[in-house]
Amino acid sequence: MRIIEAQDYQEMSRKAAGIIFAQVIMKPDCVLGLATGSSPIGTYRQLVEWYNQGDIDFSQVKTLNLDEYKGLSPDNPQSYYYFMYENLFKHININLRNTNIPNGLEDDTRKECARYDQVIAALGGVSLQLLGLGNNGHIGFNEPDVNFKKTTHCVTLAQSTIDANARFFNSPDEIPKHAYTMGIGSIMGAGKILVIVSGEGKAGILKEVIEGPITPSVPASILQLHKDVTIVADKAALSQLTK
Ligand code: F6R
């Protein structure tokens, strides 16, 4: 695992955006695996800025998002489709037909998981996967479990995840309890993985991910086995690592 230290969230975002920029330059028709949440907002903002300056072209880029809440429609402001559209897609020249997110409105879990796995396979996998890190060590919505789940599946969100995401909702009743997520196998199949982590609140779990045992109770710990992982984290998030 390559660890890049940043001073703060802003520098983390710029460094992470630089790595995505390099990927798009190297392979203009690459497949980017994308995440939502607080961590990537600055990264997407930086990419939009470079796009506005004419430095980066997304016209051939394809994207695969990690996850989506079950039961939310794309036009629901809390859906991950909405997040991606508002924070990235509407600002750049990506072809929306080349963007992929699990369909939160599909009730038939088995059908939607099979469909999304086919989408991933048809794109030939992910060139560069961007990941945030959950407070409980989740990646995508692969929650702590007794085993690693390989393919797309529907999860019951951990209470800690529901609590962490409550800040985006008006009332606790609105928070979905289930979500579709890409599996650990698909994430580990990416050519390169880029993890962004910010803030003291993530320092303990980041230490476990990097220095602890590989265990499904800390899903991100499996990243220790991937051959090309870059973690861009700010000083606060790296503060508990053994020097
Ligand atoms: C979001 C996702 C999640 C988040 C994680 C961290 O698509 O897959 O794993 O990356 O929960 O969320 P933030 O960045 O909000 O702390």
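The structure is a predicted model, in which local features need pLDDT of at least 70 and side-chain atom pairs count only at pLDDT 80 or more, while totals for chains, interfaces and linings use all residues. Residues are numbered from 1 along each chain as its sequence is written, and side-chain values use heavy atoms, with hydrogens and water left out.

**The sheet**

Select the strands first. Strands (E, at least two residues) and helices (H or I, at least four) are DSSP runs, numbered from the N terminus. Seven strands form an open sheet in the order β1-β10-β9-β6-β2-β3-β5, and their pairing is parallel. Two strands count as paired if DSSP finds at least two bridges between them. At the edges stand β1 (2-6) and β5 (99-100), each with a single partner strand, so one side of each has no neighbour in the sheet.

Next, select β2 together with β6 (residues 128-132); these strands pair in the parallel sense over two bridges. Within this pair, Leu32 is found opposite Leu128 of β6.

Move to helix α3, residues 80-87, and display the side chains of Tyr80, Phe83 and Met84, which are buried. Why do they lie on the same side of α3? They cover an arc of only 95° around the axis, which places them on the same side; the arc is that of the directions from the helix axis to the C-beta atoms. Buried means under 20% relative accessible area, exposed means over 50%, and partly exposed lies in between (1.4 Å probe, protein chains only). The cover over the buried residues of α3 includes β2 (31-34), α2 (41-52), β3 (62-65), β4 (67-69) and α5 (159-165).

The axes of α2 and α3 come within 10 Å and cross at roughly 40°; axes are lines fitted to C-alpha atoms, for helices over the stretch in contact, and angles run from 0 to 180 degrees between N-to-C directions. Ile41, Tyr44 and Val48 of α2 make the contact with Phe83, Met84 and Asn87 of α3, where contact means heavy atoms within 4.5 Å.

Gln78 touches Tyr69, Leu72, Phe168 and Phe169, leaving aside residues up to four places away in sequence.

**Strand β7 and His153**

Select β7, residues 153-156, which contains His153. The covered face of β7 holds His153 and Val155, and the uncovered face holds Cys154 and Thr156. Strand β8 (residues 178-181) pairs with β7 in the antiparallel sense over four bridges, and Tyr180 in β8 is the bridge partner of Cys154.

Focus on His153, which is buried with a relative accessible area of 13%. A polar atom of its side chain lies 2.7 Å from the backbone oxygen of Thr151.

**Asn142**

The last stop is Asn142, in the loop between β6 and β7. Is Asn142 buried or exposed? At 3% relative accessibility, Asn142 counts as buried. The side chains of Asn142 and His153 are joined by a polar contact of 3.5 Å. Such a contact is a pair of N or O atoms within 3.5 Å; within protein, one must be able to donate a hydrogen and the other to accept it, and residues adjacent in sequence count only if both atoms are side-chain atoms. The side chain of Asn142 also reaches the backbone oxygen of Met182 at 2.9 Å. Finally, select Pro216: Asn142 and Pro216 are 74 residues apart in sequence and 9.1 Å apart in space, C-alpha to C-alpha.
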